[in-house]
Amino acid sequence: MKSETDRADDRLASLAVVLPLALAGFVVAAGCWTLFAVAGLHLRAELDLSNFQFGFLLAMPMAVGAALAVPAGLAAQKFGARRIMLICLAGLAACMVILLTTDTFPGYLVAAGGLGLAGGFYSAGLQFVTGHCESSRLGLVLGVFGAGVTGAGFNYYLVPLFHEAFSWHGVPLAYLIVLVLIIALLIMLTDPEDAEADPTAETSVRVLLHRMQTRRAGQLCGYFGVVAGSFFALALWLPDYLSSQFDLPVDSGARLAQWFVIPGALAQVVGGALSDRFGSARVIGRALVVCLIALFVLSYPPMTLFIQGVDATIRVEFALPMPVEGVFVVTLGLAMGCTMGSLQRLVIIENRPVAAFVAGLLLVSACSVAFVLPVIFSSVNHWLGVRSAVFMILFLLLVGCLFLFARESRRHEREHLLHPGI
């Protein structure tokens, strides 16, 4: 009979193998997921796409990811996370083949929808890593896994690089090779008999919702959806925004956008670790305030102010220089990453028995927001003609999120830390 110490050591040893593999898989899956953030700009020129078609192409992976999130989480709990992860990676490899062979908008739209399998990988992967770690390390481990979103930043380097040397179509070929490699490593280095699989696991959504702390968990999933969905939508939109705002080549705008994605993804590790130490609510509140400050500054469009003086009209021009705007974009990414890491840790640790289902709900909420926002961004950009309106929209969303989260946290503290009625 193994002692508690021996079991903890075994879990730590398995985590040392499982976490790097899951992280590598999510890095590549996230890269596939947001491939059209940069490649879509070349497609827009090649196929002469309208604003609506372009926004819809960007949003398709998020829509399919939202549809697959809960089923993938439930399947991971019932049949084993490893099996579902392998299926999702194989599906992404098939999408890369489609991208290499198609040259029509419907074909690209089908491939874009298939990229939503990355969302299924997230749900299964989260179940995979949480099954191999202790609660005391949960925030850090979830933050490390969530940092796989850095894969989205690879596109900002890979697509321009391949486009200059050959064609952007070389990127799907590169992803296809890496996907096959990761599938082989998962098969060889992990146990085919997934100990976390439970054939008798409950799959009724109604029952699982009842087992959750329904009201609070639902609200936390909503907050995560707003923040993470805004992060993903902005990651998809920034290359086009920066290129247009500062009159840059598409490739240069894409390279600048990675300074939002990569720091934001890595900040999830910091957010999870700080939450383990200081508590999630404190980290979330402070990070959201930083988000709002950055968004408030970024939301101001270039403007000219005419002041009627005594003898002449004084003209004052206001526009953020590119380096200053870059600093606030990086700050926004870091703050949103910390918020995502803390929220993810909070909702999972409060609903550990149904972690796979909750992971699916988190992704549904994030993908739903990320699906809607690019379409809204395109519409507002077309109707108002003000590019920075994107940041105005996100500012209003996060103001509401911070207000509701602060009110809910106070209510939760009164119920659990104080005597009833105080």
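This is a predicted model: local features need pLDDT of at least 70, side-chain atom pairs count only at pLDDT 80 or more; totals for chains, interfaces and linings use all residues.
View 1. Residues are numbered from 1 along each chain as its sequence is written, and side-chain values use heavy atoms, with hydrogens and water left out. The axes of H6 (residues 117-130) and H7 (residues 138-146) come within 10 Å and cross at roughly 145° (lines fitted to C-alpha atoms over the stretch in contact, angles from 0 to 180 degrees between N-to-C directions; helices are DSSP runs of H or I, at least four residues, numbered from the N terminus). From H6, Phe121, Tyr122, Gly125, Leu126, Val129 and Thr130 touch Leu138, Val141, Leu142 and Phe145 of H7 (heavy atoms within 4.5 Å).

**View 2. A nonpolar patch sits on the surface.** Val17, Ile187, Met188 and Leu189 share about 390 Å² of accessible area (Shrake-Rupley, 1.4 Å probe; patch residues have over 30% relative accessible area and no salt bridge, with nonpolar side chains joined within 5 Å). Helix H9 (residues 170-189) gives the largest share, three residues.

**View 3. Here is the structure's one salt bridge.** Arg345 and Asp276 pair up at 3.1 Å, N to O (the cut-off is a Lys or Arg side-chain nitrogen within 4 Å of an Asp or Glu carboxyl oxygen). Arg345 is in H14 (residues 322-350) and Asp276 in H12 (residues 250-278), so the pair ties together parts 69 residues apart in sequence.

Key: Helices (H or I, at least four residues) and strands (E, at least two) are DSSP runs, numbered from the N terminus. Patches are made of residues with over 30% relative accessible area and no salt bridge: like charges are joined within 9 Å, nonpolar side chains (Val, Leu, Ile, Met, Phe, Trp, Tyr) within 5 Å.
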